[in-house]
Amino acid sequence: MGNMEEKRNSNHFWQGALSGALAMFLLISVLAFTLRMSGANFAVTKQDSGIDRTTENKIDVLKGLIDEYYLYSDEIGEDDLEEGIYSGYINALGDPYSVYYDEEETKELYESTSGEYSGIGVVFSQNLNTKVITAVQVYKGSPAEEAGVKVDDILYKVDGEEVASVDLSDVVQKIRGEEGTMVELTMLRGEKAEEVALEIQRRKIEVETVSHEMKEGGIGYIRITEFDSVTYSQFESALEELEKAGMKGLVVDLRANPGGNLMTVSNILDLLLPEGTVVYTEDKNGHKEEMTSDEEHQFTKPMAVLADGNSASAAEIFAGAIQDYELGPIVGTTTYGKGIVQQIIDLKDGTSVKLTISEYFTPKGRNIHKIGIKPDVEVEFEKDEENPEADNQLEAALEEVRKQIEE
């Protein structure tokens, strides 16, 4: 994984140096790829563009300058330069959610969205404004828990490299890696921001994205940490077990849930909503795509949903749908505010690109991008120093369900 970070560092250099010079060249390449994917019978050629010779000449000049003058030219490989060109082109969009992935990163990306990966077992969240990355969940029995990572630890360095302003997706890819290899995390802990360096061995992580239990008074509690491929079956099983145990009401906890797969959250909502719209998306051309629920399943018992500022994307789709259908109150604080959809596109050579392709809208037509979902019952989390297990937000959600049961 250290090699990946070195590659990214060199990529950042070339993003600035070459993205402008190669913009038109790569635009033609992307267009040709798009046409092939759509079944068109023609492709753009060099002769069609009339600019490739000039572009190639400029690249040759830049390369000659690097070879002759750049102090660290012997540390830069040809593959690094090419990958830097592609990364720089996508980064030039200025969209933090659109990313080019090389072969290694693509492999890790698909592993991460499957719900199984090789890593350390921590869920991190990044503050939208400060870019500070914080551990919000440590999986039980994980390498991270065994090494001593704690919730609320601030991630300062990965393998000695500061990550204070690095995009969370890049940091996660750096932390994950081949099973059995080591990664060093430097955390800042407590009010004094004490530095804690931890050596952690990566292992195969089978993510339990859903946990559940029965609370006092017959109120079921389901926590969803993210929406991966494995989440639907885990949620369905949890709901069935609680129903068999005589559940009278339900609290779904989406706090610190960063989102995930759009289809997964839509399928889960189909288990809860009446027949109708779950969510719909709209692309740049005004094309709408609607996801719906049928009448086969519907949750009719008292319900509440917990959310906070770290609930994002698919988690907001869930909360927004429950709120629009008035199935129960949203309890907590305003959510993150990510109302756009990304698609991962396979470039057929082992690499891929993730592009923002559409906006999503709740059943009532709300787009919450950069706004978030405002809770029906606003409750700030209050840490109880004398009782670390206390959770005033959860208690508030349970109380909302009790009220509904008693009505």
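**Group meeting: a walk through some local features**

Okay, let's start with Asp159, which is partly exposed, at a relative accessible area of 32%. By that I mean between the cut-offs: buried is under 20% relative accessible area and exposed is over 50%, with a 1.4 Å probe and protein chains only. Keep in mind that this is a predicted model, where local features need pLDDT of at least 70, side-chain atom pairs count only at pLDDT 80 or more, and totals for chains, interfaces and linings use all residues. Residues are numbered from 1 along each chain as its sequence is written, and side-chain values use heavy atoms, leaving out hydrogens and water.

Back to Asp159: you'll find it in the loop between β5 (154-158) and β6 (161-162). Its phi is near 50 degrees, a positive value in a residue that isn't glycine. Helices here are DSSP runs of H or I with at least four residues, strands are runs of E with at least two, and both are numbered from the N terminus.

Ala256 also has a positive phi, about 65 degrees, and it is not a glycine either. That one sits in the loop between β12 (249-253) and α9. Is Ala256 buried or exposed? Buried, with a relative accessible area of 11%.

Now the helices. α8 (residues 231-244) and α9 (residues 262-270) have axes that come within 9 Å and cross at roughly 20 degrees. Those axes are lines fitted to C-alpha atoms over the stretch in contact, with angles from 0 to 180 degrees between N-to-C directions. So α8 and α9 are roughly parallel to each other, that word covering angles under 35 degrees. Who touches whom? Thr231, Tyr232 and Phe235 in α8 meet Thr264, Asn267 and Ile268 in α9, with contact meaning heavy atoms within 4.5 Å.

α7 (residues 168-175) is mostly covered, with six of its eight residues buried. Among them are Leu168, Val171 and Ile175, along with Asp170 and Lys174.

Last stop, strand β13 (residues 276-283), also mostly covered: six of its eight residues are buried. Which strands does β13 pair with? With β14 (residues 288-293) it runs antiparallel over six bridges, and with β18 (residues 352-361) it is antiparallel over four bridges. Pairing needs at least two DSSP bridges between the strands. On the β14 side, Tyr280 has Glu290 as its bridge partner; on the β18 side, Glu282 stands opposite Glu359. And in the β13 and β14 hairpin, with four residues between the strands, Gly286 takes a positive phi near 85 degrees.

Methods: Parallel < 35°, antiparallel > 145°, perpendicular 65-115°, else oblique.
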